[in-house]
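Dear colleague,

Please find below the structure that I promised to hand over. My notes on it follow, and I would be glad if you read them with the coordinates open.

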Amino acid sequence: MGFVTAPRQVTPRVPLRHGEGDKDHLTSLGGLAALSLDALSSVAYGPEAIVLVLVGAGVSALRLTLPITVAIAGLLAVLVVSYRQVIAVHPDGGGAYAVGKKDLGATVSLLAAASLVVDYVLTVAVSLAAGAASLASAFPSLAHHLLALCLIGLLLITAVNLWGIAESARALMLPMVIFVCAIFGVIAVGLTRSHPAALVGGAQPIRVSEAVGVILILKAFAAGCSALTGVEAIANGVPSFREPRVKRAQRTELMLGALLGAMLIGLAVLIHREHVAPRGGVTVLAQLTAGSFGTGWAYYATNIAVTVVLALAANTSFGGLPVLMSLLSADDRLPHLLGLRAERPVFRYGVIALAALAALLLVAVNATTDRLIPLYAIGVFIGFTISQAGLVRHWYRGRPRGWALRAVLNGTGAVLTAVAAVVFVLSKFTSGAWVVVITVPALMLLFSRIESYYRAVGLELGMDRIPDRPCAAGSLVIVPVGGINRLTEYALCAALSLGDEVVAVSVHLAAERSAAFRAEWDAWNPGVRLDIIESPHRSLVHPILDYIQRAQEGDRQVAVLIPEVEPRARRYRILQNQRGLLLATVLRARTDVLVCTLPYRLTTR
């Protein structure tokens with residue numbers, strides 16, 4: 001008795017290119033490094049922002065630092081829950097823009113997009129400027145080269161992100177781990193000490209300018225909310241994650257919320273416990289670090305880690321804004337070029353656009369952090385408010401189980417973030433926030449005009465209807481030639497394969513040369529008509545242009561086949577005649593003919 005095994009179905013395996021598998025996408029931990037450094041590094045200036053506002057009412061007002069920080073941590077929890085919901089509802093990314101477009105209408109979605117663009121560009125500029133300033137404080141000789149430091153850092157981050165988002169995550173993983181461990185080390189060691197190990201910075205007089213009240217508390221709350229910038233980046237960059245993308249992105253958002261909340265509250269407890277007030281020449285975080293570690297190697301290592309991470313926090317924008325730009329281009333609100341992806345999962349034109357905008361901003365303010373801070377965080381809080389309000393409407397429309405509790409949670413978050421945005425604008429308006437107030441509507445108008453242009457183009461091209469049946473017409477192929485050689489033979493062979501009628505056209509500067517070339521052509525006899533144009537004014541392109549414009553008259557389709565020599569090595573291209581490229585450019589600009597370039601590839605090195 002024989003046994004026969006069942007045939008096994010074999011599925012052919014096709015090798016994957018870059019970006020088609022999961023290798024070039026983010027894990028949850030990689031997403032924390034690539035998309036969360038902005039939020040995590042905000043602990044370096046968020047608590048200090050609260051202290052700087054409260055100290056205006058005297059040292060006694062600093063006792064409010066801890067309760068205000070707890071309130072901010074509560075808002076952080078609401079935002080984390082909200083953006084986990086946004087990730088689930090909008091797995092293609094886009095964050096507040098996607099929520100606004102679906103639930104709040106076109107105008108609100110434009111507002112969200114403009115706000116996020118402003119915030120992402122400012123994040124890059126502020127992070128690099130703050131990192132350069134921190135480095136210059138440790139090495140004073142660099143103080144006169146802040147702009148150069150920022151531009152070098154921007155160039156490096158851009159290069160890494162052009163290579164791939166996964167590569168940027170691998171490069172940022174170690175600095176992120178060192179930074180988080182250093183901050184938790186400051187908190188843990190500080191809580192075990194009965195008194196600060198060291199005191200750094202010079203004492204400075206405190207000028208009381210206002211009393212403790214609701215306005216002061218709101219200003220301190222809004223200033224401290226700058227620590228929440230970057231929380232939205234994960235929801236904007238969901239397509240960058242490995243499958244299952246939604247679960248990985250949600251897990252990353254949760255890890256970010258837990259780490260950021262714990263660091264904020266821990267530092268606030270130390271500020272409250274040690275009665276930390278602003279001192280000259282040092283940050284509040286530097287004071288806490290000296291209080292925990294003293295002024296030895298750990299103090300300098302922590303400060304260097306903070307400096308590096310502040311500079312690298314710019315990478316968050318490179319993970320979020322190119323994805324947002326691709327969604328805007330898909331909606332015809334930005335040039336379609338920004339929606340193109342390279343072989344790796346990178347929107348390279350979006351990365352380049354972000355780098356260019358950030359470089360222009362850094363040059364405009366000469367890499368001065370104080371000139372950037374008043375512009376910062378307004379855009380992101382507008383985005384926070386839109387995403388929260390949009391989810392309220394989403395839950396109300398669908399009314400799934402437990403929708404009322406979710407709507408109340410998101411509604412509360414929308415009110416708090418809206419209050420923070422309003423306080424930011426009013427308190428910082430004269431200091432530079434007016435620039436954002438003008439820029440956001442200007443971007444909204446730009447998006448709207450681009451959308452109108454694409455809509456008009458679609459109507460003219462008949463994008464929404466089935467076109468008439470195509471019909472054939474007579475064709476004429478014109479081949480510019482300069483001599484009789486293999487290149488001419490190659491071009492004429494291709495032209496005879498393409499059209500009903502083929503004409504070779506040659507331009508000569510003197511009648512004697514025209515007659516000689518005619519004799520050579522007749523002796524060769526390729527079976528193609530030759531038209532010779534004499535140009536006593538020594539112009540080669542315009543006589544051919546005039547000839548082609550006359551040939552265009554009538555119903556036949558005219559094509560111009562331009563042969564070009566392609567060297568094997570790129571360094572030799574500049575040695576070749578560039579008249580073909582010039583002619584093609586002029587023909588595309590001033591005629592409606594079909595312009596074809598035919599490469600003749602050399603084998604000679």
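Helices H9 and H18 are roughly perpendicular to each other, a word kept here for angles of 65 to 115 degrees, with angles under 35 degrees called roughly parallel, those over 145 roughly antiparallel and the rest oblique. The model is a predicted one, in which local features need pLDDT of at least 70 and side-chain atom pairs count only at pLDDT 80 or more, whereas totals for chains, interfaces and linings use all residues. Residues are numbered from 1 along each chain as its sequence is written, and side-chain values use heavy atoms, with hydrogens and water left out.

The helix pair in question is made of H9 (residues 214-224) and H18 (residues 403-461), whose axes lie 9 Å apart and pack at an angle of about 100°. Helices are DSSP runs of H or I with at least four residues, strands are runs of E with at least two, and both are numbered from the N terminus; the axes are lines fitted to C-alpha atoms, for helices over the stretch in contact, and angles run from 0 to 180 degrees between N-to-C directions. On the H9 side the contact (heavy atoms within 4.5 Å) involves Leu218, Lys219, Phe221, Ala222 and Ala223, which meet Leu416, Val419, Ala420, Val423 and Phe424 of H18. By class, this contact of H9 with H18 has nine nonpolar residues, no polar ones and one charged, where Ala, Val, Leu, Ile, Met, Phe, Trp, Tyr, Cys and Pro count as nonpolar, Asp, Glu, Lys and Arg as charged, and the others, Gly among them, as polar.

H9 also packs against H4 (residues 65-89), the two axes coming within 10 Å and crossing at roughly 50°, so that H4 and H9 are oblique to each other. Ile68, Ala71, Ile72 and Leu75 of H4 make this contact with Ile217, Ala220, Phe221 and Gly224 of H9, and its residues divide into seven nonpolar, one polar and no charged.

Turning to burial, H12 (residues 284-293) is largely enclosed by the rest of the structure, because nine of its ten residues are buried; buried means under 20% relative accessible area, exposed over 50% and partly exposed in between, with a 1.4 Å probe and protein chains only. Just after H12, Gly294 takes a positive phi of about 80°. Ser514, in helix H20 (residues 511-524), is likewise buried, at a relative accessible area of 5%, and touches His508, Ile532 and Glu534 when residues up to four places away in sequence are not counted.

Some backbone details deserve a look, given that most residues other than glycine have a negative phi and most peptide bonds are trans. The peptide bond from Glu243 to Pro244 is cis, with omega near -5°, and Pro244 is in the loop between H10 (233-236) and H11 (245-274). Asp332, with phi near 65°, lies in the loop between H14 (315-330) and H15 (348-365) and is partly exposed at 27% relative accessibility. Asn525, with phi near 55°, is found in the loop between H20 and strand S3 (529-534) and counts as exposed at 59%.

Finally, the count of disulfides (pairs of cysteine sulfur atoms within 2.5 Å) comes to zero. The sulfur of Cys493 is 16 Å from the closest cysteine sulfur, in Cys596, which is too far for a bond.

With best wishes
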